[in-house]
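Please read it alongside the sequence and the coordinates.

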Amino acid sequence: MGAVDLLLVGLVVLLGLCGVLLPGMPGSWLVWAAVLWWALKDPRPPAWAVLVGATVVLLLSRAVRWALPSHRLRAEDSEGRLTVCGGCGALLGFVLLPVVGAVPGFLAGVYLAERRRLGRHGDAVAALRSAMRSGGWSVLTELFACLLITGAWLGAVFAG
């Protein structure tokens, strides 16, 4: 697979990661479709292993999201800002502390956004709890699954 194809797959993966944070966009399916495209263009055992793993992770995340209470984040400006801050925190946490850092990173991103908006620690913690109850866990579950798939894809690409 050439560099241009890998770059295009990487851009679709990045679009999918951003799509997880945007309501109405099928972010996790874009990430999976990019991995499928890569596996079909580069049919080697590691590519197929990543595709099978991505499929399992995606289906597990769907099952977990289905089991969570059915709350949706509202489309208000503050909620969109919270998901973006949480997503940036999850990405940073995933890079700094591989895999497990995504969860505290997401929570820290939402907390810092609320702390900046509200000013006090207690109010920010209460707002964090409220945001996580109103759909934050669902977003975090889908984002974590997509980060796992992206990490596996990057590992397979760099491993050769």
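F144 counts as partly exposed, because its relative accessibility is 24% (buried means under 20% relative accessible area, exposed over 50%, partly exposed in between, with a 1.4 Å probe and protein chains only). This is a predicted model, in which local features need pLDDT of at least 70 and side-chain atom pairs count only at pLDDT 80 or more, while totals for chains, interfaces and linings use all residues. Residues are numbered from 1 along each chain as its sequence is written, and side-chain values use heavy atoms, with hydrogens and water left out.

**F144 and V99**

- F144 is found in helix α6 (helices are DSSP runs of H or I with at least four residues, strands are runs of E with at least two, and both are numbered from the N terminus).
- Leaving aside neighbours within four places in sequence, F144 is in contact with V99 and A102 (contact means heavy atoms within 4.5 Å).
- F144 and L91 are 53 residues apart in sequence, and their C-alpha atoms are 9.1 Å apart in space.
- V99 is placed in the loop between α4 (77–96) and α5.
- With a relative accessible area of 33%, V99 is partly exposed.
- The phi of V99 is positive, near 70°, in a residue other than glycine.
- Most residues other than glycine have a negative phi.

**Shape of helix α6**

- Helix α6 covers residues 121–159.
- How far apart are the end C-alpha atoms of α6? They are only 44 Å apart for 39 residues, short of the 57 Å that a straight helix would reach at 1.5 Å a residue (the expected span is 1.5 Å times one less than the number of residues).
- A kink of about 70° in α6 is centred on G135 (the bend at a residue is the angle between axes fitted to the seven residues ending there and the seven starting there).
- G160 follows α6 and has a positive phi, near 100°.

**Other residues of α6**

- S138 lies in α6 and is buried, at a relative accessible area of 12%.
- R65 and L68 are in contact with S138, leaving aside its neighbours within four places in sequence.
- E142 also has its place in α6, and E142 counts as buried because its relative accessibility is 8%.
- Not counting residues up to four places away in sequence, E142 touches V20, G27, S28, R62 and R65.
- A145, in helix α6, is buried with a relative accessible area of 4%.
- A145 touches V57 and S61, again not counting residues up to four places away in sequence.

**Packing of α5 on α6**

- Two packed helices are described by the angle between their axes and the distance between the axes.
- Helix α5 (residues 102–118) packs with α6 at an angle of about 145°, and their axes are 9 Å apart (axes are lines fitted to C-alpha atoms, for helices over the stretch in contact, and angles run from 0 to 180 degrees between N-to-C directions).
- The crossing of α5 past α6 is right-handed (a crossing is left-handed if the near helix is turned anticlockwise from the far one by less than a right angle, and right-handed if clockwise).
- The residues of the contact of α5 with α6 comprise 19 nonpolar, two polar and three charged (Ala, Val, Leu, Ile, Met, Phe, Trp, Tyr, Cys and Pro count as nonpolar, Asp, Glu, Lys and Arg as charged, and the others, Gly among them, as polar).

- The buried residues of α5 include A102, F106, Y111 and E114.
- Helix α1 (residues 3–21) has 19 residues and reaches 28 Å from its first C-alpha to its last, close to the expected 27 Å.
- Among the buried residues of α1 are V9, V13, L17 and V20.
- G53 is found in helix α3 (residues 45–67) and is partly exposed, with a relative accessible area of 30%.
- G53 and W32 are 21 residues apart along the chain, and their C-alpha atoms are separated by 10 Å.
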